[in-house]
Each structure stands twice: as structure tokens, then as C-alpha cells.
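Let's take a walk through a protein together, one piece at a time.

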Amino acid sequence: AVELVESGGGSVQVGGSLRLSCAASGYSYKFNYMAWFRQVPGKGREGIAAIDSHGGETYYAESVKGRFTISQDNAENTVYLQMDNLSPDDTAMYYCAADRWVRTPSIPLYEYDYNFWGQGTQVTVSS
């Protein structure tokens, strides 16, 4: 079975940094798209970063552009999210998502684009 396992969450102060990892396993084909979403209680999941594993193109939500960086290690089947200059608004549960194809390749940041999800890792930013 396909498994996505996130790690690297935790608590950090305002202005600090964290690096999330997502390790994918159990699949027989390559995921062309991998992404990070986040969710706070009472709200839907927000797509914040995605990467086209084939071409390496990256996509970011405006809320994180310039502060977060998504990258991948194809050899290790792992995707990373480097988060810098964190603010309390970044506090959320962060989820990794992956799929072979997406319906919106121009902006692959929609929840409906992904069928495979991790369990999430909590990020808390305190002032």
C-alpha cells in the first residue's frame, strides 16, 4: 500500500525555521506531483506548495511565497518543505500529498488533485 510519512514538525518561535520531510513508499509508479497542504481547526486544507517531479517546476501559495521552499530527492523518494521566517499564522497541521496526475497542472494546489495523503505533522509557531 502507498504510504506517505511526514516528519519534522514541532514548535518554533516567530522568525524561526523548520524543515518538513515526506517519505513516499509502496507505489509501483512514479508520483509526478507532490505537494504540501496545511489545515487549522475549522477550516479546509490549504495547498501551499507543490512540485512537478518530472520537470522540477514548483508552485506556491501567495501566503508562503518567498518564505517556503519545496524540493525533492528522487533517489530517496522524499519531498521537503523548508519553512523560514515563520509566523503564528503558519501554525497548522501540515500534510504531504501525492499523485500521478492532477486535473489542474497549471496550479496543482487543490485538494481534489491528490488521492494519496500522509497523516500530518503539527507545526506551532509562538510569539
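Helices (H or I, at least four residues) and strands (E, at least two) are DSSP runs, numbered from the N terminus. What you see is a predicted model, where local features need pLDDT of at least 70 and side-chain atom pairs count only at pLDDT 80 or more, while totals for chains, interfaces and linings use all residues. Residues are numbered from 1 along each chain as its sequence is written, and side-chain values use heavy atoms, with hydrogens and water left out.

Back to Tyr 60, then. Which residues does Tyr 60 touch, not counting residues up to four places away in sequence? If contact means heavy atoms within 4.5 Å, the list is Ile 48, Ala 49, Lys 65, Phe 68, Thr 69, Ile 70 and Leu 109.

Now let's turn to strand E4, which covers residues 33-39. Six of the seven residues of E4 are buried, where buried means under 20% relative accessible area, exposed over 50%, and partly exposed in between (1.4 Å probe, protein chains only). Two strands pair if DSSP finds at least two bridges between them. E4 pairs with E5 in the antiparallel sense over six bridges, and in that pairing Ala 35 stands opposite Ala 50. The two strands make a hairpin with six residues between them, and in the turn Gly 42 has a positive phi of about 90 degrees. E4 also runs antiparallel to E9, joined to E9 by seven bridges; here Phe 37 faces Tyr 95.

Asn 85 has a positive value, near 50 degrees. You'll find Asn 85 in the loop between E8 and E9, and Asn 85 counts as partly exposed because its relative accessibility is 49%.

What about the greasy interior? A nonpolar core is a set of buried Ala, Val, Leu, Ile, Met, Phe, Trp, Tyr and Cys residues joined through side-chain atoms within 4.5 Å. The largest one has 25 residues, and Met 34, Trp 36, Leu 81, Met 83 and Tyr 94 touch the most other members. Strands E3, E4, E5, E7, E8, E9 and E11 each supply at least two residues of this core. Another core, of nine residues, lies apart from it, with Phe 37, Tyr 59, Val 102 and Leu 109 among its members.

Next, the covalent link. A disulfide is a pair of cysteine sulfur atoms within 2.5 Å, and the count here comes to one. Cys 22 and Cys 96 are the partners, with an S to S distance of 2.1 Å. The torsion about their S-S bond is about -75 degrees, so the disulfide is left-handed. Because Cys 22 lies in strand E3 and Cys 96 in strand E9, the pair ties together parts that are 74 residues apart in sequence. Both Cys 22 and Cys 96 are buried.

Finally, how many salt bridges does a search of the whole structure find? Counting a side-chain nitrogen of Lys or Arg within 4 Å of a carboxyl oxygen of Asp or Glu, the search finds four. In one of them, Arg 38 meets Asp 90, with the closest N and O atoms 2.8 Å apart. That pair links distant parts of the chain, 52 residues apart, with Arg 38 in E4 and Asp 90 in the loop between E8 and E9. Asp 90 also bridges to Arg 67, at 2.7 Å from N to O. Arg 67 lies in the loop between E6 and E7, so this pair ties together parts 23 residues apart in sequence. Arg 67 and Asp 90 are both buried. Through shared partners, Arg 38, Glu 46, Arg 67 and Asp 90 join into one network. Glu 62 and Lys 65 form a salt bridge too, 2.8 Å from N to O. Glu 62 is exposed because its relative accessible area is 63%, while Lys 65, at 45%, is partly exposed.
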